[in-house]
Amino acid sequence: MLTVPDCSNAHVLVVGDVMLDRYWFGDVSRISPEAPVPVVHVQRTEERPGGAANVARNIVSLGGKATLLSVVGDDEAGRSLATLLAKEKVVTLFHKDARFPTTVKLRVIGRQQQLLRIDFETPPSREVLEDKLGDFESLVDGVDAVILSDYGKGALTHVADMIATARRHNKRILVDPKGDDYSRYRGATLLTPNRGEFREIAGRWNSEAELAAKAEKLRTELDIEALLVTRSEEGMTLFTAAGATHEPTRAREVFDVSGAGDTVIATLGLMLAAGASMTDAMHIANLAAGMVVAKLGTATVSREELLAEIG
Ligand SMILES: Nc1ncnc2c1ncn2[C@@H]1O[C@H](COP(=O)(O)OP(=O)(O)OP(=O)(O)O)[C@@H](O)[C@H]1O
Ligand SMILES: [Mg+2]
């Protein structure tokens, strides 16, 4: 029988790339006289915290405490992100870099269809990132676990130092990885690549045995306790020294898979912080992911919903 631990005193520090997901919805009734493109008359806008910010809001929604350390620009999007997160009771510690715009992904939607996505992003400066590292050191002692959410936008330039610091303080470190150099994550407790990310780093596999061998190789090479490969509609597989544990997806319907990976690492981190075992944390994370894909938008799952699902 799966039980969800009391999470009310579990505190997770989330560090990584934050972004603002912005949506402009409008009507399309004509083609522009300037170029052969539709003209969208904007009727409604929506904003949601994305990336590491979405991980943090997932933790709070599940009943835990989250502190979010990141870098934003000194701009309207950065302030908007801070306001949205404050409403959701995420504690934010944002370093402002005036020479860098807050990462924004703007989608223009007309007639229920995405017409265009516009990305604003530039890597933050070295100095601001170094200040952030100092804050990491002072925050880490007060939390029960650390999540590093890497979206490859620069906020985790010092990831190896952060892992070393967290280890010195005996804190568990979960990483949602990005890119082709995982040696940066050496010594973390748990890595959560998705199927495509793992394939990129370890190559293709033709059987479960081959996947397990690749996972074991990476796990020992990088000195990590566990590797969780999330496999979209195939569910997820946890690899530890004890072997592989697979769980098929619990999703009954699928509307929107974006953000499922954020829900997975948020749930895992919070459950470990609250004292759950690695396998229980994985079962709960798989349950939460299966629920979140049935919701529209970058959604979250509440503790009540989770308990109702377990029954
Ligand atoms: N199409 C799907 N059908 C059923 N379950 C799904 C589907 N997509 C995701 N899930 C659930 O969500 C979990 C995480 O999804 P996935 O492996 O796609 O991560 P991801 O690629 O990091 O997600 P994202 O980057 O979009 O947030 C899966 O392990 C599974 O439990
Ligand atoms: Mg992901």
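Reader: What makes the approach of valine 257 to ligand 1 a polar contact?

Author: A polar backbone atom of valine 257 is 3.4 Å from an oxygen atom of ligand 1, and a polar contact is a pair of N or O atoms within 3.5 Å, so this pair qualifies. This is a predicted model, in which local features need pLDDT of at least 70 and side-chain atom pairs count only at 80 or more, while totals for chains, interfaces and linings use all residues. Residues are numbered from 1 along each chain as written, chains are lettered from A and ligands numbered from 1 in the order written, and side-chain values use heavy atoms, without hydrogens and water.

Reader: Which other polar atoms of the protein approach ligand 1, arginine 231 and threonine 249 among them?

Author: Threonine 249 places a polar side-chain atom 2.8 Å from a nitrogen atom of ligand 1, and a polar backbone atom of arginine 231 is 3.5 Å from an oxygen atom of ligand 1.

Reader: Which residues around ligand 1 come nearest?

Author: There are 19 residues around ligand 1 (a heavy atom within 4 Å), and Asn194, Thr230, Ser232, Thr249 and Gly261 come nearest. The shell divides into eight nonpolar, nine polar and two charged residues, with Gly counted as polar.

Reader: Why are strands S5 and S13 called edge strands?

Author: Nine strands (DSSP runs of at least two residues) form an open, mixed sheet in the order S5-S4-S1-S8-S9-S10-S11-S12-S13. S5 (91–97) and S13 (243–247) each have a single partner strand, so one side of each is left without a neighbour in the sheet.

Reader: What makes S6 and S7 a pair?

Author: Pairing needs at least two bridges found by DSSP, and the antiparallel strands S6 (residues 104–110) and S7 (residues 113–120) have seven, so they pair. Valine 104 is bridged to phenylalanine 120 in S7. Two residues lie between the strands of this hairpin, and arginine 111 in the turn has a positive phi of about 50°.

Conventions. Polar contact = N/O pair within 3.5 Å; in protein donor to acceptor, adjacent residues only side chain to side chain. Helix = DSSP H or I, 4+ residues; strand = E, 2+ residues; numbered from the N terminus.
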